[in-house]
Amino acid sequence: MNIAIAIDQIPQEPLPSASEAGPAPKRIVVAYGFWIFLLSDIIMFAALFASYAVLVRSTAGGPTGAQLFNQATVAIETACLLFSSYTCGLMSLAVNSRRYFRTYLGALITFVLGAIFLGLEIREFVGMIAIGAAPQRSAFLSAFFTLVGCHGLHVTLGLIWLTVMMVQVAVFGFAARVQHRLLCFSLFWHALDIVWVGVLTVVYLMGVSS
């Protein structure tokens with residue numbers, strides 16, 4: 001007995017329209033919003049890079065980048081931030097496998113490296129201001145402090161975010177919402193590394209060679 005039924009004989013119900021289907025799930029809305037946030041941040045940094053490129057030679061008779069920048073300190077900052085991106089990735093892997101100790105260890109190393117980076121950057125700013133190379137000294141210094149300082153502010157916020165997330169892991173465990181927030185943090189931290197590579201190239205390497 002043939003019980004096969006032709007596909008075209010099966011009644012097809014029309015798919016609901018977007019308005020009938022209702023709003024998208026919260027996790028999709030949050031993920032979409034976070035990507036918009038990252039892209040807007042990249043656009044903001046692109047504008048700061050453009051401003052710096054225009055004003056880099058407007059020193060008003062003041063010190064230039066070649067006279068101010070310490071390449072050894074910049075190298076240590078770069079190593080700390082790039083390695084923190086690696087440990088952040090290890091933390092993400094530990095979260096996926098639900099391993100508490102490795103998650104905390106990865107977060108701790110990431111935090112320490114980020115704090116070292118931030119401390120070196122603050123020391124650089126304080127040293128420059130102490131010798132009269134403050135933001136108001138020239139357009140070049142205004143652009144420098146704005147660009148590098150904005151990145152440093154993002155690193156500070158990232159460290160605060162990481163601390164809050166570890167508290168949430170301790171309280172809620174590896175709940176789905178916590179894992180999603182940690183994924184967002186990981187994307188944010190990696191984006192800061194990408195921006196820093198641009199800062200290293202445009203500000204410090206090109207600034208010393210010019």
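Which residue takes a positive phi just after helix 5? Gly 132 does, with a phi of about 95°. The model is predicted, so local features need pLDDT of at least 70 and side-chain atom pairs count only at pLDDT 80 or more, while totals for chains, interfaces and linings use all residues. Residues are numbered from 1 along each chain as its sequence is written, and side-chain values use heavy atoms, with hydrogens and water left out. Helices (H or I, at least four residues) and strands (E, at least two) are DSSP runs numbered from the N terminus.

**Helix lengths and ends**

- At the start of helix 4, the backbone nitrogen of Ala 72 has a side-chain oxygen of Asn 70 within 3.0 Å.
- Arg 98, with a positive phi near 60°, follows helix 4.
- Helix 5 comprises 31 residues and reaches 44 Å from its first C-alpha to its last, close to the expected 45 Å.
- Gly 173 follows helix 6 and has a positive phi, near 70°.

**Packing of helix 4 with helix 5**

- The axes of helix 4 and helix 5 (residues 100-130) come within 8 Å and cross at roughly 160°; axes are lines fitted to C-alpha atoms over the stretch in contact, and angles run from 0 to 180 degrees between N-to-C directions.
- The two helices are therefore roughly antiparallel, a term for angles over 145 degrees.
- The contact of helix 4 with helix 5 contains 14 nonpolar, 6 polar and 5 charged residues; Ala, Val, Leu, Ile, Met, Phe, Trp, Tyr, Cys and Pro count as nonpolar, Asp, Glu, Lys and Arg as charged, and the others, Gly among them, as polar.

**Packing of helix 5 with helix 6**

- Helix 5 and helix 6 pack at about 155°, with their axes 10 Å apart, and are therefore roughly antiparallel to each other.
- In the contact of helix 5 with helix 6 there are 20 nonpolar, 8 polar and 2 charged residues.

**Record annotation**

- An unreviewed UniProt entry annotates "transmembrane region" at residues 32-56, 68-95, 101-118, 153-175 and 187-207; such annotations may be inferred rather than shown by experiment.
- Residues 68-95 are 93% helix and 0% strand, with end C-alpha atoms 42 Å apart.
- Residues 101-118 are 100% helix and 0% strand, and their end C-alpha atoms lie 25 Å apart.

Technical notes
Polar contact = N/O pair within 3.5 Å; in protein donor to acceptor, adjacent residues only side chain to side chain. Parallel < 35°, antiparallel > 145°, perpendicular 65-115°, else oblique. Expected span 1.5 Å × (residues − 1).
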